[in-house]
Amino acid sequence: MKHVFNLFLVLGAVATISSCTKNTYENYPGGVPYDVVSILDVRPIYKGQDVTLTKEMLYGGTRLEAVVISDHTEGNLPEGLLVVQDNHRLNTLRGIAIDLGAAAAGYHPGDSVMIDILGSTLTRKNGILTLTNIVESKVTPKGKGILNVNIITTAQLEADPNSYESSLCVINKSCFNPAPQPGDEIGGVKTINDGFGDLTLYTDPSVSYAQDAPYLLAAYVGIPFSKRDGSIELRTRDGDDILNMGSSRQDLIISGFMGDPKGGDGGNEYVQMIATRDIDFSITPYSIVFCANAGTSTPAHLDNGWATGGQRTIKWNITSGSTKKGAYFYFGFQNKKINGNAGTVSFPAETNWYQKNFATSGTNKGDGGLFRASSFSTSGPWPNNGNACGVALFKGTTVNKTSVPEDVLFVSGGGTIYEPNNDPVYGYLICNNDWYSMYSIAIDQTTYKPKVENSFYYRSLGNATNMPYAVNEAHPTAPADGGLFNMMGGVYNIPLGKWTTARKQTVVELFQKTEDDHEAATIANIEAGRGGPNDSLITKIVE
């Protein structure tokens with residue numbers, strides 16, 4: 001009897017489990033499922049074939065609660081589509097198009113709506129994922145809502161268009177590719193580039209802003225739509241969706257650096273640069289500033305940014321010599337070795353090398369001129385691990401708390417380096433380059449128009465990009481002491497005045513001498529055009 005009782009117990013449990021797997025939301029007496037479903041859950045229901053939405057598919061839901069992002073006033077969006085978005089689940093912003101016919105023109109950005117989608121059809125109409133069979137009576141206005149925006153790159157959009165289609169997106173720091181010529185207009189099918197790839201921008205030639213000249217550098221706020229052929233295009237809604245972002249033109253760029261040579265670092269570290277125009281440093285002097293931000297560094301706060309001095313920043317001036325457009329230029333110290341003082345290979349005599357002395361006893365003060373005297377240790381200006389460090393190039397030899405770099409890159413992100421609540425703000429100023437943008441885009445929740453907001457500092461909104469301290473398989477933990485060169489490969493387009501491919505760190509191990517089946521590293525390992533093995537990884541200049 002005991003075994004029979006256990007058998008009934010098991011069968012009863014199986015029956016209970018089975019009953020819960022079907023129409024689960026109906027199996028709790030008095031329980032009513034929330035009838036609002038998120039767009040994040042609706043979009044995956046489409047599997048390549050039209051599907052009529054049922055309550056079971058919608059997890060017991062019947063309605064969307066969303067905010068309108070479409071505006072048909074100018075006529076640049078696909079006609080008859082009401083485009084809405086929400087972020088109700090996982091705080092993930094997703095959008096979808098509603099085929100509402102002429103009624104779609106009666107809604108405007110920021111309108112909050114409740115839409116009955118039960119029985120509607122999920123399909124791809126002209127390539128766009130769309131809910132059809134929805135009449136206007138199924139759309140209930142609910143006042144005004146919060147209008148959010150996805151800030152993305154073209155690479156993110158191209159890699160996952162389904163996640164961003166029909167949502168409001170910002171593609172920042174973009175320019176026409178090829179570079180706009182006098183008389184060029186916004187209207188028509190154009191290609192924009194944000195440094196992470198190319199994207200099609202479509203502007204109907206009949207809209208009022210179609211004849212506007214493109215900005216050299218712009219932020220494009222718009223809605224991505226898929227096309228019949230599977231490609232994707234971005235459409236702005238009106239002229240206010242195109243914002244001037246200034247310029248990202250750079251005359252001198254950082255293309256690599258040796259931050260941890262084999263053996264002692266003092267006097268052996270260097271920075272590699274490439275000029276995008278001819279520069280005579282006796283006429284147009286530069287300065288190079290390194291920063292270090294260990295927890296014990298003094299002062300405790302960046303009261304003067306790059307000009308803080310102390311154990312935080314150190315500056316050297318570049319006031320003589322010259323470099324040619326497209327040529328390599330080095331800032332380094334007295335040992336002038338490819339990889340550490342014990343290495344067998346020095347930089348060739350003809351290398352365009354700007355040399356300073358780095359003290360290997362006492363402290364290093366650089367060339368001075370900062371808010372307080374610098375006091376760096378003898379181990380080199382680059383830390384080997386830990387909190388954030390970085391390097392910045394400045395036009396001129398005067399650097400103060402308001403000086404904007406010509407180029408800047410950071411390693412890591414820790415330490416007391418950004419204090420936005422301080423008045424004035426403490427932090428390191430950045431510039432418009434491939435990694436950083438001095439301006440971000442937000443939506444004004446009163447007008448529902450995009451607006452430009454200042455984002456001047458490293459770690460401020462959108463400016464957290466950095467590289468890790470150099471490691472590789474042979475030296476997996478920093479400090480590696482492995483002679484690891486940081487190759488910063490990208491593509492800088494001189495006519496466009498911007499990066500068309502953002503820099504990417506590639507760690508290249510350099511060897512001091514020929515041994516263990518390795519050849520001693522030479523300048524060909526870190527420069528293109530010398531027959532070396534790493535040409536494809538090195539920054540390229542395009543004219």
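Is Asp 434 buried or exposed? Asp 434 counts as buried, because its relative accessibility is 6%, where buried means under 20% relative accessible area, exposed over 50%, and partly exposed in between, with a 1.4 Å probe and protein chains only.

Before continuing, the conditions. This is a predicted model, in which local features need pLDDT of at least 70 and side-chain atom pairs count only at pLDDT 80 or more, while totals for chains, interfaces and linings use all residues. Residues are numbered from 1 along each chain as its sequence is written, and side-chain values use heavy atoms, with hydrogens and water left out.

To return to the opening residue, Asp 434 is placed in the loop between β27 (426-427) and β28; helices (H or I, at least four residues) and strands (E, at least two) are DSSP runs, numbered from the N terminus. Its side chain and that of Arg 503 are joined by a polar contact of 2.6 Å. By polar contact I mean a pair of N or O atoms within 3.5 Å; within protein, one must be able to donate a hydrogen and the other to accept it, and residues adjacent in sequence count only if both atoms are side-chain atoms. Setting aside residues up to four places away in sequence, Asp 434 touches Lys 173, Phe 196, Trp 499, Ala 502 and Arg 503, a contact being heavy atoms within 4.5 Å.

Now the chain as a whole. There are 4 helices and 32 strands, and the C-alpha trace spans about 85 × 80 × 50 Å along its principal axes. Of the 543 residues, 53% are buried. Among contacts between residues at least 6 apart in sequence, 68% join residues at least 24 apart. The chain exposes about 23300 Å², with carbon and sulfur atoms supplying 51% of that area; accessible areas come from the Shrake-Rupley method with a 1.4 Å probe, and for residues only the protein chains shown count as cover.

I turn to the empty spaces. Rolling a probe the size of a water molecule over the atoms shows where empty space is left. On a 1 Å grid over the protein atoms alone, a cavity is a set of points where a 1.4 Å probe fits but cannot get out, and a pocket is an open set with protein on both sides within 12 Å along at least five of seven lines; lining residues have an atom within 4 Å of a point. Grid points are joined across faces, edges and corners, and a volume is the space filled by probe spheres set on the points.

The largest pocket has a volume of about 450 Å³. It is lined by 22 residues, and Thr 153, Lys 173, Phe 196, Trp 435 and Gly 462 are the closest to its centre. Two or more lining residues come from each of β9 (150-152), β10 (169-176), β28 (439-443) and β31 (498-509). By class, this lining has 10 nonpolar, 8 polar and 4 charged residues; Ala, Val, Leu, Ile, Met, Phe, Trp, Tyr, Cys and Pro count as nonpolar, Asp, Glu, Lys and Arg as charged, and the others, Gly among them, as polar.

The second largest pocket holds about 340 Å³. Of its 22 lining residues, Ala 292, Ala 294, Ser 297, Ser 377 and Pro 383 lie nearest the centre. Here the division is 8 nonpolar, 13 polar and 1 charged.

How many cavities of 30 Å³ or more does the rule give? The count is 2. The largest cavity has a volume of about 130 Å³, and of its 16 lining residues the closest to the centre are Gly 259, Asp 260, Tyr 469, Ala 470 and Asn 486. Its lining comprises 11 nonpolar, 4 polar and 1 charged residues.

The second largest cavity, of about 70 Å³, brings us back to Asp 434, which is among its lining residues, as are Lys 173, Phe 196, Trp 499 and Ala 502. Strand β31 gives the largest share of this lining, 3 residues. The classes are 3 nonpolar, 3 polar and 4 charged.

Finally, consider another charged residue. Lys 356 is found in strand β23 (residues 353-356) and is buried, with a relative accessible area of 19%. Its side chain makes a polar contact of 2.8 Å with the side chain of Asp 367. Beyond four places in sequence, the residues that Lys 356 touches include Trp 316, Phe 331 and Phe 333.
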